[in-house]
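Subject: A structure for you to look through

Hello,

Here is the structure I promised to pass on to you. Please open it next to this email, and then read on for what turned up in it.

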Amino acid sequence: MLNIFTIFRCILTGILVPYLAGVGLTGFLFKDKNHQEKPYCLNLIAGYLLIWTVTEIVAVPLTILKGSFSILIIVVGAVMTFACIWAVAVIIKNNKTIKNNLKNAYFSVFKTKSDVILFAVFVALFVILAGVSYGTLFTDADDSRFLVNAGDILRTNRILSTDPVTGDPIDAGYRDFKKDLVGQWSAFIALGAKLAGVEATVFAHTVYPFIAFLLIFSIYWILLGESDVVTGKKPSTTDRSLAMILLVFFMIYGDYSSHSQETMSIIRVWQGKATMALFGTLTVIYVFSLIHRDEKKISYFILLLLINISMILMSSMGVVVGTLIIGAYGLYTAIAKRSVKTLILSALVCVPNAMLFVLSEVYTLERFLEG
């Protein structure tokens with residue numbers, strides 16, 4: 001059972017610190033006057049994109065070099081600490097008082113009492129969805145591989161050192177090694193468990209699903225607030241809240257069948273590939289909507305790069321999925337805006353995909369052992 005201290009630590013490391021780090025990241029990327037108009041929930045998204053990106057960049061070479069997992073903890077901790085310090089500087093610079101900041105945040109979202117009531121209904125349904133989903137969490141042989149890997153990382157202080165199927169050293173041969181080398185989701189689960197002070201299974205099945213729900217509904221909320229392509233007007237908070245309530249109803253309904261698409265997506269959301277499908281792809285779409293409005297901003301492409309690397313960490317499929325979706329939207333935006341720069345930058349964002357694809361194909365387990 002989770003005690004009060006552990007729950008507080010989970011909230012601190014899983015939500016509060018990433019949110020504050022996201023404030024620092026968005027404050028660095030969006031220094032213009034319109035920064036204050038950015039959705040507040042984008043901060044939590046940005047914070048996790050930073051965590052995932054750093055984890056992927058550090059975990060891959062650590063796996064190859066058989067380095068200590070503690071190095072990953074130190075690097076991620078250092079980056080998040082710096083981002084949080086930067087966030088404090090951004091808050092002090094852009095806001096006169098915390099009271100005014102909270103007041104502005106409230107009134108920028110809720111215009112009327114009905115907005116508050118509808119959002120409260122959504123929150124209540126969100127809690128019901130979380131409860132239903134927690135009651136139906138399950139794993140299969142493929143899913144449990146990530147948990148075994150994560151637990152082994154915490155036990156050995158090494159990344160991918162044991163075959164999760166046989167329990168033997170990975171030197172004995174492991175057919176999924178190349179995929180896990182690229183998609184370092186197990187390293188993230190182990191990292192989250194270590195920082196939260198819980199077991200890998202507890203973090204994966206209890207702590208992270210709630211975080212995933214927050215991230216998924218945050219990007220839903222942001223996308224629902226985008227301007228209508230026909231009228232050019234932004235939807236009202238009332239319309240957005242009604243849409244969110246409808247989404248929760250669909251998901252709760254889907255959880256009643258063990259064979260429905262909704263259930264497969266939601267109750268396995270702790271898995272990286274589910275997060276990539278439900279969150280990563282939608283975030284790419286959102287960033288391209290920003291690029292379409294102003295393709296000259298390099299900061300949007302930096303954010304797109306973070307999303308792309310994060311999707312690779314979520315699943316080795318992200319190498320292909322990220323390339324396809326970024327390539328398609330990048331080509332469309334470049335044609336629509338008649339911008340060669342957009343096409344070039346979109347291609348550069350996909351460079352990590354190409355590099356890791358070559359690594360997964362060429363750097364076989366046998367060559368790894370020979371080295």
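Let me start with the whole chain. Of its 371 residues, 50% count as buried, where buried means under 20% relative accessible area, exposed means over 50%, and partly exposed is in between (1.4 Å probe, protein chains only). Before you go further, please note that this is a predicted model, in which local features need pLDDT of at least 70, side-chain atom pairs count only at pLDDT 80 or more, and totals for chains, interfaces and linings use all residues. Residues are numbered from 1 along each chain as its sequence is written, and side-chain values use heavy atoms, with hydrogens and water left out.

The chain has 17 helices and 0 strands; these are DSSP runs numbered from the N terminus, with helices being H or I of at least four residues and strands E of at least two. Its accessible surface is about 18100 Å², and carbon and sulfur atoms hold 69% of that; the areas come from the Shrake-Rupley method with a 1.4 Å probe, and for residues only the protein chains shown count as cover. Among contacts with a separation of 6 or more, 75% join residues 24 or more positions apart. A contact here means heavy atoms within 4.5 Å.

Now to how some helices pack. Two packed helices are described by the angle between their axes and the distance between the axes. Axes are lines fitted to C-alpha atoms, for helices over the stretch in contact, and angles run from 0 to 180 degrees between N-to-C directions. Angles under 35 degrees count as roughly parallel, over 145 as roughly antiparallel, 65 to 115 as roughly perpendicular, and the rest as oblique.

Helix H1 (residues 4-29) and helix H2 (residues 42-65) cross at roughly 95°, and their axes come within 6 Å. H1 is therefore roughly perpendicular to H2. On the H1 side the contact includes Gly 14, Pro 18 and Gly 22, and on the H2 side it includes Ala 46, Gly 47 and Leu 50. The residues of this contact between H1 and H2 are 11 nonpolar, 6 polar and no charged. For this count, Ala, Val, Leu, Ile, Met, Phe, Trp, Tyr, Cys and Pro are nonpolar, Asp, Glu, Lys and Arg are charged, and the others, Gly among them, are polar.

H2 also packs with H3, at an angle of about 150° and with the axes 10 Å apart. H2 is therefore roughly antiparallel to H3. Their crossing is right-handed; a crossing is right-handed if the near helix is turned clockwise from the far one by less than a right angle, and left-handed if anticlockwise. From H2, residues including Val 54, Val 58 and Leu 62 meet residues of H3 including Leu 72, Val 76 and Met 80. This contact of H2 with H3 has 13 nonpolar residues, 2 polar and no charged.

The crossing of H9 and H12 is left-handed. Tyr 208, Ile 216 and Tyr 220 are among the H9 residues that meet H12, whose side includes Leu 278, Phe 279 and Tyr 286. The contact of H9 with H12 divides into 11 nonpolar residues, 2 polar and no charged.

Val 287 lies in H12 and is buried, with a relative accessible area of 1%. Beyond its neighbours within four places in sequence, Val 287 is in contact with Tyr 300, Leu 303, Leu 304 and Ile 307. By contrast, Ile 57 in H2 is exposed, at 51% relative accessible area. Ile 57 and Pro 352 are 295 residues apart in sequence, with 9.8 Å between their C-alpha atoms.

Finally, look at two loops. Lys 66, in the loop between H2 and helix H3 (69-94), is not a glycine but has a positive phi, near 55°. Asn 157, in the loop between helix H6 (141-156) and helix H7 (177-182), is not a glycine either, and its phi is positive at about 60°. Both are partly exposed, Lys 66 at 49% relative accessible area and Asn 157 at 25%.

Happy exploring!
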